[in-house]
Amino acid sequence: MPFWAQVAAVVAREWRAELGRPDMVVSFLVYGLLLVLVFTLAVNPLAVDVRPSAAGLLWIGFFFAALAGFQRSFAREREGDAMLGLRAAPLDAAALYYGKLLFGSALLGATELVVAPAFLNLANVRPVSSAGLAGALALGSAGLAAVAALVAAVAASLRSGEALLPLLGLPLLAPLALGAVRLTDAALTGALVPAALWLRVLVAYDMIFLVLPLVVFPYIAEE
Amino acid sequence: MRFLPWVAYVLVGLALWLGLVFAPPEAVMGQVVRLLYFHVGSAWNAFLAFGVVLIGSVAFLRTRAPRWDRLAAASAEIGVVFTTVTLLSGMFWARAVWNTWWRWEPRLTTTALLWFIYVAYLILRSSVEEPERRGTLAAVVGIAGFLDVPLVYFSARWWGGFHPSAVEMSGSMVLALVASVFAFTALYAELLGLAVATRAAEDRLARLRAGARP
């Protein structure tokens, strides 16, 4: 089976698993919306101008939603020893990663479509450029999903993996946080930022962490 | 290698004397400039140590030889210690010269994140029992963590920088700085040898306890 067909098979498998018990959707959405609610309660947009920090708050929400969502994706392979079957299947280990990444990215994107408008409404922020916002979210989310999936795969094979997940993930996501927040801020508030530089950071980050799993994920999966 | 401990201890003693006694105070910063000798020496060795973690991680994934994993683990531990010294000496210096403990500045941001990445690396190691599995997962984090460093550095640099890249120094100050860098590097090599040997002994003990032949 060609590589892309294996990836497609993994995506279909994730879809069926999700239909059976919507673990990931619930993690992504509930986490995202809960954080929006808590941020709004914490900063009180009626009393203070949250526009300068809106981009940062939004991304913190996405970070935790992505880590929680991908955590479920890999944790459910542990339950019932599904990894054993996956290793026995004629499946390239990297295809497993990219299939899960594709499916999880779609869910993350859908979550952002719900969470971002909800937060911006609650926070009373009207984006200056909707296209710029979509671009910043897409570029940032690609790298976010790639790293969250990789770290979740590592954490899934640990005793205290769930507790370690943010500890492993957030430092790795720091450069992405800088770039994605600056670009999102520019799209939301029209803040002047060196957009070309931040685009380069994001693109370099996305490329590095989209390619790295091709090399290292087979080692994580073999066990 | 038998002389390495002595080389390290004598060099560290000499560097301490040069940095704390022999070199003069700086015109503007006064005695505070002496922090520089600890700061630069430990910063360089922190990066060296994390570079060695990368080499050990890649080599372990390729060869599966436990000694590469021991090298990476030992180097990460020492790297975290040197990073802590770098951060603390930098903060004391910043308090005196910038009148603040911390600034979100490229090298400070990068160093702080390095600390978090490799502390997470060590916590990860401590939460896996099975040696080969532990080595594999740690190696993946060791590689990903090191790739993150240049990204952090460059993104933080575009964010704005204040870090001094050069200080006006007299000959004796340069001597003290060079001596401290060599002394800390010798100390790193000595500590690395000790930490690797300790881990090798631990692994051997674990095998003996498991009833296998050593």
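This is a predicted model: local features need pLDDT of at least 70, side-chain atom pairs count only at pLDDT 80 or more; totals for chains, interfaces and linings use all residues.
A:Glu14 is buried, with a relative accessible area of 0%. Its salt-bridge partner A:Arg13 is partly exposed at 26% relative accessibility, and the closest N and O atoms of the two are 4.0 Å apart.

**Salt bridges**

- Over all chains, the count comes to 12 salt bridges.
- A:Arg13 and A:Glu14 belong to a network of salt bridges that also links A:Glu18, A:Arg76, A:Glu77 and A:Lys100.
- A:Asp23 forms a salt bridge with A:Arg21, with 2.9 Å between the closest N and O atoms.
- Of these two, A:Asp23 is buried at 14% relative accessibility, while A:Arg21 is partly exposed at 44%.

**Where chains A and B meet**

- Here 28 residues of chain B are in contact with 28 residues of chain A.
- The two chains bury about 2600 Å² between them, and 77% of that is on carbon and sulfur atoms.
- Between chain B and chain A there are 0 salt bridges, and 2 residue pairs are in polar contact across the interface.
- On chain B, α4 (106-126) and α5 (131-159) each supply at least two residues of the side that touches chain A.
- The largest share of that side, 16 residues, comes from α5(B).
- By class, the side of chain B that touches chain A has 19 nonpolar, 5 polar and 4 charged residues.

Key. Residues are numbered from 1 along each chain as its sequence is written. Chains are lettered from A and ligands numbered from 1 in the order in which they are written. Side-chain values use heavy atoms; hydrogens and water are left out. Contact means heavy atoms within 4.5 Å. Buried area is the accessible area (1.4 Å probe) that two parts lose on being put together, summed over both. A salt bridge is a side-chain nitrogen of Lys or Arg within 4 Å of a carboxyl oxygen of Asp or Glu. A polar contact is a pair of N or O atoms within 3.5 Å; within protein, one must be able to donate a hydrogen and the other to accept it, and residues adjacent in sequence count only if both atoms are side-chain atoms. Helices (H or I, at least four residues) and strands (E, at least two) are DSSP runs, numbered from the N terminus. Ala, Val, Leu, Ile, Met, Phe, Trp, Tyr, Cys and Pro count as nonpolar, Asp, Glu, Lys and Arg as charged, and the others, Gly among them, as polar. Buried means under 20% relative accessible area, exposed over 50%, partly exposed in between (1.4 Å probe, protein chains only).
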